[in-house]
Every structure is written in C-alpha cells, then in structure tokens.
Amino acid sequence: MSVKINLLAPSALCLLLLSTLTVMSNATIAPALPGLAREFVGTPSADLLVKMLLPIPALFVVIFAPILGWTADKFGRRKQLLLSTAVFALSGAAGALLSSLEAIIISRAILGICVAGLMTAVTALITDYFSGAQRSQFMGFQQSFSNIGGIVFIVTAGYLANISARLPFFIYAAALLLVPLVFVAIKDTPLTSHEHEPQQVNSLVNTKTQTNWKWPLIGCALVLFCHLVIFYILPTQIPFFMVDIGISDPSKSGLAMGAGTLAAAIAGISFGKLVNKIQNYGVALVGFLAMGAGMVVLSQAATFGGVIVGCALMGVCMGLVMPNFMVTGLALVPSDKRGLASGVLTSSIFIGQFVSPLISSALISILAYSHFYLLTAGFTVVLALASAAMLRAQTV
C-alpha cells in the first residue's frame with residue numbers, strides 16, 4: 001500500500017528538524033577537541049577533561065531519558081520540547097564563552113539532559129501523529145534527517161575549528177530558530193488507541209502483547225543496545241583499523257565513516273516501503289545480515305575500496321534497524337506510556353554507544369582485526385535470527 005506524508009507540513013518539518021539536533025550533541029565539537037586541548041594545556045588533567053566533553057552528554061541522556069519520557073507523558077510533549085530546545089541552544093553555545101573546562105563540562109551535562117528531553121518527546125509525538133504505514137515511513141525519514149544533519153554539522157564544525165576551537169560551539173545556537181516553529185506547529189494530541197490501524201508494522205501486535213508490553217519493550221531495547229554496540233565500531237575503531245592496513249590519511253577515514261552515514265540515510269528513506277513488503281521481522285533480518293556482510297568484507301579488506309564497502313553495509317543496517325525497533329517498541333505499549341517507552345529505548349541506544357569502545361577495544365587487543373570482524377559477523381547473524389524471531393512472535 002502506498003502512503004504519502006507531507007514533509008513540508010509544519011508539524012512534520014518541525015519534528016524532522018528537531019531530530020537533527022540530537023546528532024549535534026556529540027559530533028559538533030569533535031573537530032575542536034585538539035584545539036581545546038592546546039588552549040587548556042596548563043589545566044590539571046586537561047587531556048582527560050577535554051576527552052570527556054564528547055561522552056558527557058550521552059551519559060546524561062542515559063540517566064535522564066526514562067525520567068523525561070515519563071514527564072513527556074505526564075505534563076505534555078509540547079512544553080518539554082519548548083524548554084528542551086531553548087536550553088539546548090543556550091547550554092550548547094555556552095561552551096564558546098565559558099572560561100574553564102569544568103564549566104564547559106557542566107554545560108555539556110545540561111546539554112545531554114536537553115537531548116534526552118528532545119528525543120523522548122519527538123519520538124512520542126511521531127507515534128501520536130502517525131499510525132500504520134505512515135508511522136514507519138516517517139521514522140525512516142527521521143533516521144535519514146539525523147544522518148544528513150550529522151554530516152552537515154560535523155563538516156561545518158571542521159571548517160570553524162580551523163579558525164577557532166570555540167567557534168563550533170556556536171552551531172548549537174541555531175536551535176533557537178526552531179523555538180518559534182515548535183510553539184506554532186506542535187500540539188499535544190489526545191492520547192488515543194490505534195486498535196484499528198492497518199495491518200502494518202505498528203499494528204501487528206497481538207492482544208496479549210497489548211496488555212503485557214513490558215517484556216517485548218525490553219526485548220526491543222536489548223536489540224537496539226546490541227545494534228549500537230556493533231555499529232559504533234564504525235566511528236571508534238575504523239580509523240585505527242585503516243592505519244593498521246596502511247591507510248594513514250585521516251581524510252580517507254572520514255570518507256569511510258561518511259559512506260556509512262550516507263548509506264544509513266538512503267536506507268532510512270526506503271524503510272517505510274520495505275517494511276510494507278517484508279514486514280518488520282523481514283527488515284530486521286535484512287538489516288542485521290547486511291551488517292554481518294559488512295563485517296566479513298572488513299575482515300578481508302586490504303584497500304580503501306574494501307573499507308568503503310564494509311562501512312556502507314554497516315550503514316544500511318543502521319538505516320533499517322533503528323527506525324524498525326523504535327517503531328515496533330512504541331507500537332507495543334499503551335498510548336499513555338509512549339514517552340516512557342521512548343525514554344527506555346533512547347537509554348538503550350546511548351548505553352550501547354558507551355560500552356561499544358570498551359568491548360571492541362578489549363577484543364581487538366586479544367584478536368587480530370580480521371578475527372575480531374569475523375567474530376562480530378557471527379554474533380550479528382545470531383542477532384539477525386533472534387530479533388526476526390522475536391518480532392515474528394509479536395505479529396498476528
């Protein structure tokens with residue numbers, strides 16, 4: 001069945017633009033870190049503190065996402081979006097003006113809380129505004145916007161960081177432009193049941209699951225956690241892997257990661273159509289098998305072209321699996337629990353990001369890169385079969 005969404009409608013456009021902000025939290029200041037390290041060279045533990053600027057927001061997303069998911073259900077999504085967007089802009093841009101690393105870290109922590117507020121409210125609103133095939137399609141577009149936004153912000157930040165390490169922080173101030181749009185376009189809709197939705201991924205939930213939703217939601221969160229543990233091999237290990245195989249040009253590692261991001265954006269656009277054809281369990285199977293294939297390619301890669309192919313296959317998985325399990329997880333829960341469910345899923349994503357470099361670095365220190373990739377490929381195949389079976393069991 002063909003469905004159309006007017007992406008230029010104020011509410012839809014607002015949600016997509018807000019989705020790009022969540023990528024800003026980490027990526028935007030990454031090119032500025034070497035410059036900040038030089039600026040604060042006389043500060044005790046400066047190297048550690050500068051490196052902490054990237055993970056601090058994610059840590060606070062993990063802590064606060066379930067709480068702010070509950071507040072979105074309790075007090076309304078619109079109020080939370082207005083407050084989160086405004087404080088996001090101010091706390092993010094504050095890093096350009098603050099005089100100490102400790103103060104910048106505090107501003108980054110506040111930024112992370114705002115990201116949690118944004119992600120939970122936006123995801124809950126998507127579930128409120130759209131149903132059936134439209135919800136799946138919009139989630140795919142959201143994933144694509146996030147990836148494209150990440151490319152734009154980090155490229156812009158790279159140019160600004162060449163001028164001054166403080167300038168990339170000002171990019172966060174752009175979020176202030178969205179506050180009037182949120183005020184005008186976003187409305188809290190009545191929480192209604194989608195019992196009569198078309199038979200798509202969002203409504204393929206049996207009656208038992210509609211009442212016993214906690215364990216299925218935990219299952220979706222666990223899959224997302226595992227997915228992020230594997231996917232974050234891309235930004236955390238691929239640059240070092242490329243040096244290991246003799247590709248030392250930093251711009252090429254950036255292109256490899258860009259290939260993964262671009263593939264994720266393209267896959268996200270096709271997610272809605274694909275789920276209509278092969279259902280959510282089919283998408284899970286295809287997505288994880290693509291990642292497994294990417295790992296096999298990387299295990300044998302000795303050239304830049306091979307790395308590009310492997311990273312692109314990993315990106316395909318990101319573009320399909322993220323919206324798939326977000327849509328399904330939210331469809332499993334009662335309408336008045338969507339904010340809470342969004343918080344649980346969001347926390348699982350950021351926990352996966354945290355532990356990924358710890359797990360992968362430990363395994364790589366024991367195994368050669370090629371053996372590590374093959375081991376990961378085997379785990380991904382198991383994850384493909386298990387996640388597809390789990391989703392299939394939830395369908396009518």
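**Aromatic rings and their surroundings**

A: Phenylalanine 75 counts as exposed, because its relative accessibility is 52%; here buried means under 20% relative accessible area, exposed over 50% and partly exposed in between, with a 1.4 Å probe and protein chains only. Tryptophan 70 counts as partly exposed, since its value is 46%.

The model is a predicted one, in which local features need pLDDT of at least 70 and side-chain atom pairs count only at pLDDT 80 or more, while totals for chains, interfaces and linings use all residues. Residues are numbered from 1 along each chain as its sequence is written, and side-chain values use heavy atoms, with hydrogens and water left out.

A pair of aromatic rings is described by the distance of the centres and the angle of the planes. Rings of Phe, Tyr and Trp (its six-membered ring) pair if their centres lie within 6.5 Å; planes under 30 degrees apart count as stacked, over 60 as edge-to-face and the rest as tilted. This rule gives nine aromatic pairs. One of them joins tryptophan 70 to phenylalanine 75, edge-to-face, with 6.1 Å from centre to centre and 90° between the planes.

Aromatic residues also form a cluster, made up of Phe241, Tyr369, Phe372 and Tyr373. Tyr369 and Phe372 belong to a helix contact as well. Helices (H or I, at least four residues) and strands (E, at least two) are DSSP runs, numbered from the N terminus. Helix H14 (residues 338-366) packs against helix H15 (residues 369-394) at an angle of about 130°, and their axes are 8 Å apart; axes are lines fitted to C-alpha atoms, for helices over the stretch in contact, and angles run from 0 to 180 degrees between N-to-C directions. H14 is therefore oblique to H15, given that angles under 35 degrees count as roughly parallel, over 145 as roughly antiparallel, 65 to 115 as roughly perpendicular and the rest as oblique. Ser360, Leu363 and Ile364 of H14 meet Tyr369, Phe372 and Leu375 of H15, where contact means heavy atoms within 4.5 Å.

Rings can also have a charge over them, which requires NZ of Lys or CZ of Arg within 6 Å of the ring centre and within 35 degrees of the ring normal. The charged end of arginine 78 sits over the ring of phenylalanine 183, 4.7 Å from its centre. Likewise, the charged end of lysine 214 sits over the ring of tryptophan 213, 6.0 Å from its centre.
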